[in-house]
Amino acid sequence: MVSWLATTERIFRPIAQWAKVVLTRLLWILSVGGGPFIATAGSHVVLLDRGWRFHRHDPPDLPCQLAYDHPVVMSQFGQELRARSQSPPIDSKGSDRPLVLLRPWILPSANPWIADLARHYVPPDRPVDCVIPCAALEYNDGNWEWVDLPHDWAIEGPFDMDGRNVSGEMGRLPSPGVGWYRKRFELPAVEAGRRVFLEVEGAMAYAAVWLNGHLVGGWPYGYATWRLDLTRWIRFGHENVLAIRLENPPESSRWYPGAGLYRNVRLILAQPVRVDHWGIFVTTPRVERSCADVQIRVTLANDTSVAEPVTVQVSLHVAGDEGQPVGPPVSRSVPVSAMIDSGTRTSVVLAAKLKNPRLWGPPPTQRPHRYVAVTTVMGPHGIRDRQYTVFGVRRVEWHPDWGLILNGEQVPIRGVNLHHDHGALGAAFHPAAARRQLEILRRLGCNAIRTAHNPPAPGLLELTDQMGFLVLNEIFDCWERRKTPHDFHRIFPDWHEADLRAFIRRDRNHPSVLLWSIGNEVGEQYTGDAGALVAERLYRIAKEEDPTRPITSALNWAKPDMPLPAVLDVIGLNYQGEGIRDTEPYAHLKGIRTPPQYQAFHERFPNKVILSTETAAAVSTRGAYLFPVTSHKSAPVQDGDGGNRELGYVSAYELYTAEFGSSPDKVFAALDSHPFVAGEFVWSGFDYLGEPTPYPRSRSSYFGIIDLAGFPKDRYYLYQSRWRPDLPMVHILPHWTWPERVGQVTPVHVFTTGDEVELFLNGRSLGRKRKEPGTYRLRWDDVVYEPGVLRAVAYRQGQAWASAKVRTAGEAARLDATADRKTIRADGRDLAFVEVQVTDASGTLVPRAFHRIRFTLDGPGQIAGTDNGDPTDLDPFPSPSRRAFHGRCLVIVRSQRGCSGLIRLTASADGLVPVALTIRSRSCVLP
């Protein structure tokens, strides 16, 4: 009996202990408040998205003034300022409290990314010379605001109407200044012995992190993803508190930067022997239709006090829609053994073969198939770590005469530049918002994204992998020479290596990333050999991290005979390809004049690919047609000639540009006459917050093919007619509701994938026109307006191809509404975008309707924001009412966490029949 009891105890005690650990960890996850939870054999990951406390500005009880480095201040007149030690911090308001600079304690956070050990930063041997009450565990933050992440503290406004504190360049929103975040959490005692890391995907900017009152480190660059080791200060089995201070300098950006913890934040509990941070690099050195060689380089870390032998093996699986392994392994590597010395990093290389690989490529001619590499690290006592790496198999060739050859197919790059904001949602990253943007671009025919001009959210690259978009991944807008007084140039000398290595190591397994950009229009173009030396250093670092992809930098001034272009693998041209201020309508303008440069660069670098990293810079306001209309195919916008400064609108005839820009028509002609160019990235895909050229009083840009609310401009259909040549389509502009223009000439333009169009007005033919070589739109510039119906019939090779009509709208009568999704997840993060239109009684859009629309919501959801695409609209984005702009308006609905059911949204306006629709919020697995 004693023997039987002993045997039973030996069997069930480990099971009971295991169950206790699992239950403890589950309770910990629930108490921390985050999700999704990712548990592997070696690590636990918890998304810290809920239950943060937030305080705008430094708390009044702070006994010192804090700054990363010598602080910055903006003059009363917004003039350029230099950072000076005697200037007060931007939140100090004349305080005489002692100044504490955090830079010496922050710089060592860069050490893991600096290759030369002799250049590592030595942390001070003393704590910060100031007690920080709000970083302490016992601090009472009860009067701080509750927030969930991602959080952009500035997007709620208010807008700075007169631009005294924040100009239109930065979106007139209150992003400059200081903000504090605090998060309480507890780690179970059973986790003692693990390494604990904080991972931040993006924090704007100059982050400093305290744990339980100890300054752990930080990171200045607001777009970077970074990790800190919290292990030394963690209290297992007790409450802990994170405190994160952010400081956004004024005049630090040329567009709206956002503010706060605007991307995901995680806790990672890892084994002391594990795969190192971003320590897996998957490449496919040989890809054939029948077989692909897969190479996996794994960097291992040992933070114990003794050496440990490990065995590493990788299995390859087909990836599901969310990147999860599906089914049994399709290939395995041969196991590789290694001895990891104490306190060191060791790399091993494994190989596997894929038979008949499913290739990754862009639709519509290819499919973005993906695989998952499951890397298992075995130690003497079992599994030490297991990591999942999503990758794609594709054969990439860059040819100087044919451009991009992907999986044996020539793929013209039809790309757009994207800034990082989501309009009314600000800089906070929302997967649903990013997916909506990409879906709108997919319908356009776009196949590529340039991440202008900074590292994107990791979630964006997950979507581009999944959806099959090509990505030019860019890191810096400036190097040592500044563009604004307080931009990245202030920290470039200290941080460029750490930022660049971390950026590439984070993103190098994404199959959508085809090339790296190390800079955009950098000032070093103007400094000859000195600037080229900076480029060479960045180039070497990038190649050390990833030798498989080419490197470019976007050049808006450097010419073929200058030293900087010679450093690059791919010549990236901003506007120079089609020429800058080189035609008659631009002759009166001041500024550089550049004749078209495609041929000159091709002759100087016959073995290099040439790619237009920015084209066009056309400007327009959706639905705003201004008269008269230029007879030129490209013209700079001027007051009274395509622009109305008083209204803040630019004509939607899509012929007008910034002073340095070109219309799409001019760009298309330049590309067609130089077929060796690999393609283009249009500036820009969407309007974005800030940089409101040509009218600085506005809140947002005019450059987008699509407006800030996500409504296509007429330009959308011009690009669609080029990028989707097999789509039967025809588009007419302008709208046809002009009661004040009866009897006046009102030009009509038509975009089509056909080769001929016949235009009818009230059944009368106005003639049939053919698209000749170098013609990308058909123009009827002498049409005399009369109310009724305009109809265009397009032909292709003599056969009817497509037709469209626009009709004169009647009086506004009712509202219509359409949601992009009828069902969303009840996770508190998912979104539905509802487009509302003002129509007449027959359902025709009323294109000159500006009614104020009110939104009410019943059920488990909330209004996350409203917009209308009007760059001059300074109503706060969270407002539950919004003026329609040319008949359209947008409302964004967010689900309520853990609450499923029907969300009923009602839109109403004075004198109009209201509309209501229902969105289902469905339950999902929550941590």
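This is a predicted model: local features need pLDDT of at least 70, side-chain atom pairs count only at pLDDT 80 or more; totals for chains, interfaces and linings use all residues.
Biologist: At roughly what angle do the axes of helix 3 and helix 4 cross?

Modeller: In general, two packed helices are described by the angle between their axes and the distance between the axes. Here, helix 3 (residues 431–444) and helix 4 (residues 458–467) have axes that come within 10 Å and cross at roughly 40°. Helix 3 and helix 4 are therefore oblique to each other. Helices here are DSSP runs (H or I, at least four residues), as are strands (E, at least two), numbered from the N terminus. The axes are lines fitted to C-alpha atoms, for helices over the stretch in contact, and angles run from 0 to 180 degrees between N-to-C directions.

Biologist: Which residues of helix 3 and helix 4 make the contact?

Modeller: Contact means heavy atoms within 4.5 Å. Helix 3 brings Pro431, Ala434, Arg435, Leu438, Glu439 and Arg442, and helix 4 brings Leu460, Leu463, Thr464, Gln466 and Met467. By class, that contact between helix 3 and helix 4 has 6 nonpolar, 2 polar and 3 charged residues. Nonpolar covers Ala, Val, Leu, Ile, Met, Phe, Trp, Tyr, Cys and Pro; charged covers Asp, Glu, Lys and Arg; the others, Gly among them, are polar.

Biologist: Which residues of helix 3 are buried?

Modeller: Buried means under 20% relative accessible area, exposed over 50%, and partly exposed in between (1.4 Å probe, protein chains only). In helix 3 the buried ones are Ala432, Ala433, Ala434, Arg436, Gln437, Leu438, Ile440, Leu441 and Leu444. Their cover includes helix 4, helix 10 (714–723) and strand 51 (888–895). Just after helix 3, Gly445 takes a positive phi of about 105°.

Biologist: How many residues of helix 10 are buried?

Modeller: The count is 8 of its 10 residues, so helix 10 is largely enclosed by the rest of the structure. Among them are Tyr716, Leu718 and Trp723.

Biologist: Which residues in helix 9 and helix 10 meet?

Modeller: Pro664, Asp665, Phe668, Leu671 and Asp672 of helix 9 meet Arg715, Leu718, Tyr719 and Arg722 of helix 10. This contact of helix 9 with helix 10 splits into 5 nonpolar, no polar and 4 charged residues. The two axes come within 11 Å and cross at roughly 20°, and helix 9 and helix 10 are therefore roughly parallel to each other.

Biologist: Is Ser663 buried or exposed?

Modeller: Ser663 is at 0% relative accessibility, so it counts as buried. Ser663 sits in the loop between strand 36 (656–657) and helix 9 (664–672). Leaving aside neighbours within four places in sequence, Ser663 is in contact with Lys633, Ser634, Glu654, Leu655 and Thr657. Ser663 and Ala616 are 47 residues apart in sequence, yet 5.5 Å apart in space, C-alpha to C-alpha.

Biologist: How do helix 5 and helix 6 cross, left-handed or right-handed?

Modeller: A crossing is left-handed if the near helix is turned anticlockwise from the far one by less than a right angle, and right-handed if clockwise. Helix 5 and helix 6 cross right-handed.

Notes:
Residues are numbered from 1 along each chain as its sequence is written. Side-chain values use heavy atoms; hydrogens and water are left out. Angles under 35 degrees count as roughly parallel, over 145 as roughly antiparallel, 65 to 115 as roughly perpendicular and the rest as oblique.
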